Every structure is written in structure tokens, then in C-alpha cells.
Amino acid sequence: MKCRENQLPMRTLRVRALSFSAAAAMVLNPALVPAVATDYHPIPQVTADGQMNARFLSLGVGKSIVIDLPRDIKDVLVADPKIANAVVRSAQRAYIIGAAVGQTNIVFFDSAGQQIAAYDIAVKRDLNGARAALKQILPNSDIQIDGLGDGVILTGTAANPIEAQQAGDLAARLAGGADKVVNSIAVRGRDQVMLKVTVAEVARSVIKQLGIDLSGQFNYGTAVVNFNNSNPFTVTGQPLVANNAITTSFGGTPSVTATLRAMESAGVTRTLAEPNLTAISGESATFIAGGEFPIPTGVTCQTTAAGAVGQCAPSIAYKKFGISLNFTPVVLTEGRISLRVMTEVSEVSNDNSITVTGITVPSVKTRRAETTLEIPSGGSMAMAGLIQDQTKAAINGLPGLSQLPVLGTLFRSRDFQDNKTELMVIVTPYVVRAVAQKDLSRPDDGFASASDPQSDLLGSINRIYGVPGRNEPAQNYRGTYGFITD
């Protein structure tokens, strides 16, 4: 018995049976040899227990296939009609229709109860449209998509991570969710990205404080009059120097004490941080350089055996500060990078600090920037630029007297503060390749410890080569040079 099987999407499957004598006659005829050679396939063999080996058929949901059998069909067994169904249209022809995603089997019997054919049916999602879309959208990648239960599986290779992500998004939309997609795509070339971040900040501050406190005592017979005029500095909340004052007393029994508090401060702060970090395209990288400082979070008290409260101690927690960098690069095309970056520079400050049970808790100044951008390799972008100018001024004094010309200065205090800050964060990504060790340099290259005589007599802490300010004479090349002709 001979058979022919041809399985193509949207076409029919035909099974033809030929007797041994007919096949031999075809072989004897030379004109029919090519046709027999292409159509010849062995039929399924029957096992010793009388069961026929089943053929595997894959169908899409809502798709059908035509089966032509060698003998008349008498009975059909469908294991699960909800998955697939068989419709007999003639004595030797049947249609198998896929109904839902799943697996089942179908067996055909003749009038004698013998099996004519058996099929294992796997009904999957119709992925022909998805295959065509992947070929059209991602022509440089070799990605295959197949059904896996009620989900899909992606295999093959992609040119870059962004194409692998696009294929996963397309499959997730088809399957109804990302949890139904098994992404086994291998990226052919995974680029590495080095990110150079420059954080530059210059802060200038000017503070001026001038105040006069008056206190006095006057006696009129048996009456005693005391007055005390103390004017606080409200801009900073406290004087710059607590004990910076000049005190003068006037008079004997009727006495007046004047305390002059004057202070001026000017400062500049420069902060420069240049963290560099390298990561594979599509992966995240984190860099932290800094420390931790303790802050009290509560009080823990010990209890004695009698139930009384014993010694108490503050509970301590630690807060991080310093320079941190976190970024996730994705190389889109050659030389272009999609970058999600977050950089932060923080430092401990006494501004806005508080005192709790004798413990001073400092504050943290933080400059943070987070964004997503697209930039070419080697291009720079100012991710964050901040110019801040803050001026505070306050005058405190005794009502009425503090408004007097000239003399009002004795009854008031003036507090002035001016802060200017300029901050810039520059981001520069590079698509990098591996570098040889000989092309790298270290900060300690060329460092050598000073000898004992140099340390003791000259006070050197490292060895010095040459003499500063002296230019070594240029050495001329000696030898044969020029053109060589044959």
C-alpha cells in the first residue's frame, strides 16, 4: 500500500492508496518513474497489538484540512470535539477542522472495524500573519514564532536588543499578554555602552549680621526699672558665631549695657564629579561613591526587674550620601543610544539641622536628575542645568525706636544672606569595545616613594624626576635616512 501526503497551510492533505501491483507497473513504465519517485511515501505501519501509528497534524484555530482515505469510512472517533472535529463528506473523504487551542486525536474505521488512519491533532494559534509581520518589520533578524499551548514561543536571532524587544511586544499583543510569551531570542551582537557623567557645581554665599542689644537698670527712689532689648537674627536662625560680641557698660547705679554683635561671612564651594560606568546594552549599571552618617530614629529604654524604666539610649539609623549613578542603555542603531539615566550628588550640611536631646542631626543637600533621552555615541547633552539666586534679608527691633534715624540702629538688628548656585550635569555616552591592557593608564603610574635622605633633608614625600622649569635639549636623530630606490 502506498500513500501521498502533502501538508501546506490553506491547502488540502490527500492520502492515496495504491496496490503493490499498480506500483510495480508504474515503476516498469519509464515515463512514470519521476512521478512515482516524488509521490511515494510509506503508509503507517500497524503494531503488534493492532493499533496504527498515528500521524501528527498541526492546524490553526478556524483552519481545516482535507483527508482522502483508501477505503470507505464507516466510523470516526474524535477524542475531544471541542479541540477539533471531523466531518465526512463522502465515503473516502473527510474534513478535519480546528476549533480551539489544544491537542486531541482522530481515528477512522472501515466497515470491518479495522483502522484506516489515525491522526494526532495539535490545534495552535494561526501565526502566519505574525510571521509575515516579523519578516516585514525586522528584515535583518531571523526570528521564528510558534505556538506553545495558549501562548507563543520566540526563537532565532535578532540583530540588536531593540529588535528582540519589538518582536516580544508583537508576540505579547498577539497572545494577549507578556506572561504568555516565552522569549528565547538570542542577540547576535550585544554592544557595550560607557557613560561619562560630569557634575559641576559652584555655590557662592554671603552673610552679613549686625545687631545691638541694650539692657539697663534705673532706680527712682524705691522703684526699679529694668529693660532688656535683644534682637535675634531670623534669616539663619542664629548668629554666625555665638560668642562674637563686644559689650560696653555705661553709668553707675543707673547703668546701660550695650552688646554689639557683628559678623560677615563670604564663601565659595566648588563640586566636581565625573563618574564613568560601562554596561551591556539593555542592562542596568549602578555606581555609588560616598558614605553613611548616623541619625537618631527613636529612644530605646531598658526595663529593670521591678518594672521601672532604666537607662535609655537613642536608636541609630544610617543615611547614605555621596555620588550615585544609575543608567540603562539600549543601542538602537549603529551609533544611536536610548538612555535612561539617574544621577545624584548629596552631601551632609548643617543647614536646617535640628537638635534632639542634645544630639544635633544634620541635613542632606541633594542634587538629583533623572530622565530618558536618545543621543548619538560620543554626543554630549546637558541633562540638568540649574542657576539659583536666593536673597534673604530681615530687620528686627524695638517698635518705634528702631525707626529713628541714626539712633534707631541701637535698637535693631539686620540679617542679610545671599546664595548663588550654578549646577550643570553633562551626559556623554560611548559605544565602546574592549581595550588592551597596554593602552590603559593608572593614577599611580610613575609614582615612586622618596628615599630617606630626600624625606629627611628635603621634606619630599615622593621621588622627583628632573628639575622643574628646565627643558631637556632635543636629541637629533643620527643615522641613514631618506628615500630608497631600486
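The legends below describe several close-up views of one predicted model.

Because the model is predicted, local features are given only where pLDDT is at least 70 and side-chain atom pairs only at pLDDT 80 or more, while totals for chains, interfaces and linings use all residues. Residues are numbered from 1 along each chain as its sequence is written, and side-chain values use heavy atoms, with hydrogens and water left out.

**View 1. The chain as a whole, with its helices and strands.**
The secondary structure of the chain comes to five helices and 24 strands, where helices (H or I, at least four residues) and strands (E, at least two) are DSSP runs numbered from the N terminus. Of its 486 residues, 28% count as buried; buried means under 20% relative accessible area, exposed means over 50%, and partly exposed lies in between, with a 1.4 Å probe and protein chains only. Among contacts (heavy atoms within 4.5 Å) between residues at least 6 apart in sequence, 62% join residues at least 24 apart.

**View 2. The open sheet of β19, β20, β21 and β22.**
Four strands form this open sheet in the order β19-β20-β21-β22, with antiparallel pairing; two strands pair if DSSP finds at least two bridges between them. Its edge strands are β19 (285-303) and β22 (359-376), each of which pairs on one side only. Neighbouring strands of the sheet are turned by 15 degrees against each other on average, direction ignored, the axes being lines fitted to C-alpha atoms (for helices over the stretch in contact) and angles running from 0 to 180 degrees between N-to-C directions. The antiparallel strands β19 and β20 (residues 309-331) are joined by 17 bridges, and within this part of the sheet V299 has P314 in β20 as its bridge partner. From β20 the sheet continues to β21 (residues 336-356) through ten bridges in the antiparallel sense, with S324 standing opposite E344 in β21. The antiparallel pairing of β21 with β22 again rests on 17 bridges, and here the bridge partner of E344 in β22 is R368.

**View 3. The open sheet of β4, β7 and β6.**
Three strands with antiparallel pairing form an open sheet in the order β4-β7-β6. Strands β4 (64-68) and β6 (84-88) stand at the edges with a single partner strand each, so one side of each is left without a neighbour in the sheet. From one strand to the next, the twist averages 25 degrees. Five bridges pair β4 with β7 (residues 93-98) in the antiparallel sense, and I65 stands opposite I96 in β7.

The largest pocket has a volume of about 1200 Å³. On a 1 Å grid over the protein atoms alone, a pocket is an open set of points with protein on both sides within 12 Å along at least five of seven lines, a cavity is a set of points where a 1.4 Å probe fits but cannot get out, and lining residues have an atom within 4 Å of a point. Grid points are joined across faces, edges and corners, and a volume is the space filled by probe spheres set on the points. The lining of the largest pocket holds 38 residues, of which S349, D351, K365, Q417 and N419 lie nearest its centre. The elements giving two or more residues to this lining are β14 (192-220), β17 (255-273), β21, β22, β23 (381-397) and β24, and β21 gives the most, with eight residues.

**View 4. The cavity.**
The structure holds one cavity of 30 Å³ or more. The largest cavity has a volume of about 30 Å³, and its lining consists of L134, K135, L138, S141 and I143.

T428 lies in strand β24 (residues 412-432) and counts as buried because its relative accessibility is 6%. The side chains of T428 and S380 are joined by a polar contact of 2.6 Å, meaning a pair of N or O atoms within 3.5 Å; within protein, one must be able to donate a hydrogen and the other to accept it, and residues adjacent in sequence count only if both atoms are side-chain atoms. Leaving out residues up to four places away in sequence, T428 touches M194, L195, K196, G378, G379 and S380.

**View 5. K180 in a loop.**
K180 is found in the loop between α4 (161-175) and β12 (181-183), and with a relative accessible area of 32% K180 is partly exposed. Although K180 and V152 are 28 residues apart along the chain, their C-alpha atoms are separated by 6.5 Å. Apart from its neighbours within four places in sequence, K180 is in contact with D150, G151, V152 and A175.
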